[in-house]
Amino acid sequence: MGDSVDKLSYAGMGYEYIRDQPNYRYVDELWDDLIERAKLPVVPVDVGKFTVLMDAKGMSNCLRACIGFATEIDRIFGFEANAGGTSYITDPYDSLGRMKLGSSAWNITGSRSIPGGCSSVKWDDEGVVPPDQFDIVRDGVLVDVQTSREGHMWVRDYYERNLKPEASNGCMLAADAIDSPLIRSADLMVQGDAETGYSLDELRKGMEKGIEWRTPGVSFDFQMATALVTGQAFEIKNGKRVARIANAGMLFRTSELLENLVQLGSVDSRVGFGARTGKGQPSQAAYNSVFAPPGVFKDMAIIDTMRKA
Amino acid sequence: MKTSRSDLWNADQASNLMQDGTAPRVFDEAVELDIFERVKKICDESYSFVLGVRSWWGVGQRWARNRAAMTSDQRDVEIGIRLSKKGSILGRLLLNQTDDVSLRNAIDFLLKGEGKYLHIEDMPVAGYTYPPGKGIDVWSDKTFNRAMHENGEAVIRLTENAESEGMLSAGFISTWGARQAWFVRNAGGRESKGVNLATEAQCSITVRHPQGVGSGWAGQSSFEVERVDMNKIAEVALDKCIRSLNPVRIEPGRYQTILEPQATAAFASLLLRELGPRKKIEFVRGGPLFLGYDAALNRIRNKIGLKIVDERISLSHDPEHPIYGTHPSLGVDRVEMIRNGILTDLFSDHDNSVQEHYKIGEALFRSSLVLEGGNTSMEEMIATMQRGLLVTRFSSLQRLDEQSVLYTGLTRDGLWLVEDGKISKAVKNFRWTESPFFVFNNVAEIGSSIPVFSPNSHGRTPFSHPPTADVVKSIVVPPMKINDFSFTSTIDAI
């Protein structure tokens, strides 16, 4: 596939990840970026609805939770209710194949075979060979969930009706040999058209006015239904960064984010970001990667995070 | 190669087997001493070493949708070795094998580092000014001896009422125990040793409506399993679920708010985090308790001696507190950080340069806090509230600003509107934006302090050098009525 893996996040790789790091070039890039940013004035946040450009890392952070975690079938059925929470997908029997999550431009697959992906394995921790790739979102519609041997049986009627293989998607993972396996999100890949799409710079150039998020953090609620994005935000005017914005936050519902997509970046602009997350009681850590391009969204609510009620 | 587990079944250590013939849950002193003796033989006398031998056991029972979901029995050992020569550390290594070959390989690996690594300045091995292994033994035989089937049987009992009400119960019970022994052998042959013991029991339950239109939660943790009233937890969680059904949306804004103890604990923990370690203030030179550098006195000034929260609030670490029952503290004194609203002390780490505070160690910082200040009952707080909110607990905390310690987060598992002294309706969850310094300076009423649900994550505790105790976190806090608590937006999650 040729997707690049982010230089500083987790990856399913060996020592070549360390040895092959272009460290000097990376330091130069960081330095140039800092110099450029330091030249920009800092402006107070202007609250309201704006066109927003999210870079690949921000997209990855958002999709990891609102698609990755939300589609874990045990979470949907309430097995994580006493810990991390549940999901905005409340009725899997009614939602699978029907629930429109957002724009029809969304095509997101799960996989445990992506080179460099954190969750790439030959067998999952139940001994299942995961499929090379399985559709989770197709044309904006929820078409599958992340399953185990037990979990896929709960929705076998859906699989039968849709002539899908009645098999686990191979999502079981235990943090350690001493731990009991849990369903953990596979690596996600946002599919795109290799012929079209734009790079981050090109997406920015196409914006007359808006906000750009650079490697933002995101915090979702315990049903993955709403979230707050915080971090470094830039004001965009006529396709250029003109200022850094202080104390900006982006507050949204998952449905708004997925529906308000205007344009996804190109396949070439896709980067894989790995992250470490916890689940279960007792808690277990697991790693998964999300390969996502940057994207532009319309009418996203920007707030002042420092302002109290 | 023998593993640590096979050693437990070693015929020479048959006395370690439990009466029913199963492997012991943790090592006993004889096993630990045996490992120490073998490391002494392997390690040349010109080297000093610190050896940590940690063995732990935990039984977990998880359930969801009123049915058992996972039962686990986990046990493991961690052997840590830190090798030194003439006051310089050569290296540290962690392993979970106790046979001679593995120990010898570990020492050889560390010895290869001699002359190759930068010598790290650290405490002289010959004289610890910070006593390693100091901590609090919080041990209960009842917790340690709890049988796995007791947890399984509890699931049936704890879910039956939720099932009969048509609700879905999900929960977790865990009992856990650990021994951490440490041994020091100096180059001169001087030896010292110690051991810390810890047990912990926890139970937490979430009851939800099958359509997800209501949710209630309750939980408790303690070193003593008999102090975790599981039946009461199940009852409270179900009651909160039923009372939280079909919540209505109300306008965000500033409300007078009653924080149940679990919610107060969230802010108390944030406050505790700002009280140490002292290095953060003196070296980073920032944060809410930093006052600036005094060039004339050549010292960093901080807010010790100044009022930082409401004058009714006192915050301490108190090993003699009744929650520890009759277990005595072991060389750890009561430490008061806030008395009547005034900052009296800060945590330090085991830094020689702040020796006068050396007793306030890392173990303490991670272990417990007691926040006290009043005795108003929850019923009285509700009865005297004209219009406000009652919060069960918080979730998804996210820091927004270092200097003011401003956080955002969510309410969860029970939020009610109180009007004219009565709970009137369930309300949809809010996102809030607050700081512990704002909250604890806007106090209307304070209740009596009780221990809350505050389990530590065990089994993966990084081994520290020198070894410190496994800590059983205890947070004892009151319910509080806070003025003008800021709720900034509604969220959809129930």
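Q: How much area do chain B and chain A bury between them?
A: In this predicted model, chain B and chain A bury about 3,200 Å² between them. Carbon and sulfur atoms account for 53% of that area.

Q: How many residues does each chain bring to the contact?
A: Chain B supplies 46 residues and chain A supplies 35 residues.

Q: And how many salt bridges are there between chain B and chain A?
A: There are three salt bridges between the two chains. One pairs the side chains of B:Arg62 and A:Glu80, with a distance of 2.7 Å from N to O. On the side of chain B that touches chain A, the residues divide into 16 nonpolar, 16 polar and 14 charged.

Q: Changing topic: where is A:Asp33, and is it buried or exposed?
A: A:Asp33 is in helix H2 of chain A, which covers residues 23-39. A:Asp33 counts as buried because its relative accessibility is 13%, and the cut-off for buried is under 20%.

Q: Which residues does A:Asp33 touch?
A: Apart from residues up to four places away in sequence, A:Asp33 touches A:Arg214 and A:Arg241. The side chains of A:Asp33 and A:Arg214 are joined by a polar contact of 2.8 Å.

Q: What about the largest nonpolar core, how many residues does it have?
A: The largest nonpolar core has 58 residues. Among those with the most contacts inside it are A:Leu63, A:Trp106 and A:Phe252. Helix H3 of chain A, residues 56-69, gives the most to this core, with seven residues.

Q: Which residues does A:Leu63 touch?
A: Leaving out residues up to four places away in sequence, the partners of A:Leu63 include A:Trp106, A:Ile108, A:Leu188 and A:Val290. There is also a second, separate core of 47 residues, and B:Tyr255, B:Ala263, B:Ala268 and B:Val309 are included in it.

Q: What does the secondary structure of chain B come to?
A: Chain B has eleven helices and 21 strands. Of its 494 residues, 60% count as buried. Among contacts in chain B between residues at least 6 apart in sequence, 73% join residues at least 24 apart.

Q: Back to chain A: how far apart are the C-alpha atoms of A:Val42 and A:Val242?
A: Their C-alpha atoms are separated by 9.4 Å, although the two residues are 200 residues apart along the chain. A:Val42 is in strand S2 of chain A, residues 42-44. Setting aside neighbours within four places in sequence, A:Val42 is in contact with A:Arg244 and A:Ala246.

Q: How many salt bridges are found over all chains?
A: The whole structure holds 42 salt bridges over all chains. One of them joins A:Asp94 to A:Arg98, with the closest N and O atoms 2.7 Å apart. A:Asp94 is partly exposed, at 43% relative accessible area, whereas A:Arg98 counts as exposed at 55%.

Q: Which residue forms a salt bridge with B:Asp100?
A: B:Asp100 forms a salt bridge with B:Arg38, the closest N and O atoms being 2.8 Å apart. B:Asp100 lies in helix H3 of chain B and B:Arg38 in helix H2 of chain B, so the pair ties together parts that are 62 residues apart in sequence. B:Asp100 counts as partly exposed at 42% relative accessibility, while B:Arg38 counts as buried at 16%.

Definitions and conventions:
Residues numbered from 1 in each chain as written. Chains lettered and ligands numbered in written order. Predicted model: local features only at pLDDT ≥ 70, side-chain atom pairs only at ≥ 80, totals over all residues. Heavy atoms only, no water. Contact = heavy atoms within 4.5 Å. Buried area = accessible area lost by both parts, 1.4 Å probe. Salt bridge = Lys/Arg side-chain N within 4 Å of Asp/Glu carboxyl O. Nonpolar A, V, L, I, M, F, W, Y, C, P; charged D, E, K, R; others polar. Helix = DSSP H or I, 4+ residues; strand = E, 2+ residues; numbered from the N terminus. Buried < 20%, exposed > 50% of the residue type's maximum accessible area, 1.4 Å probe, protein only. Polar contact = N/O pair within 3.5 Å; in protein donor to acceptor, adjacent residues only side chain to side chain. Core = buried A, V, L, I, M, F, W, Y, C linked by side-chain atoms within 4.5 Å.
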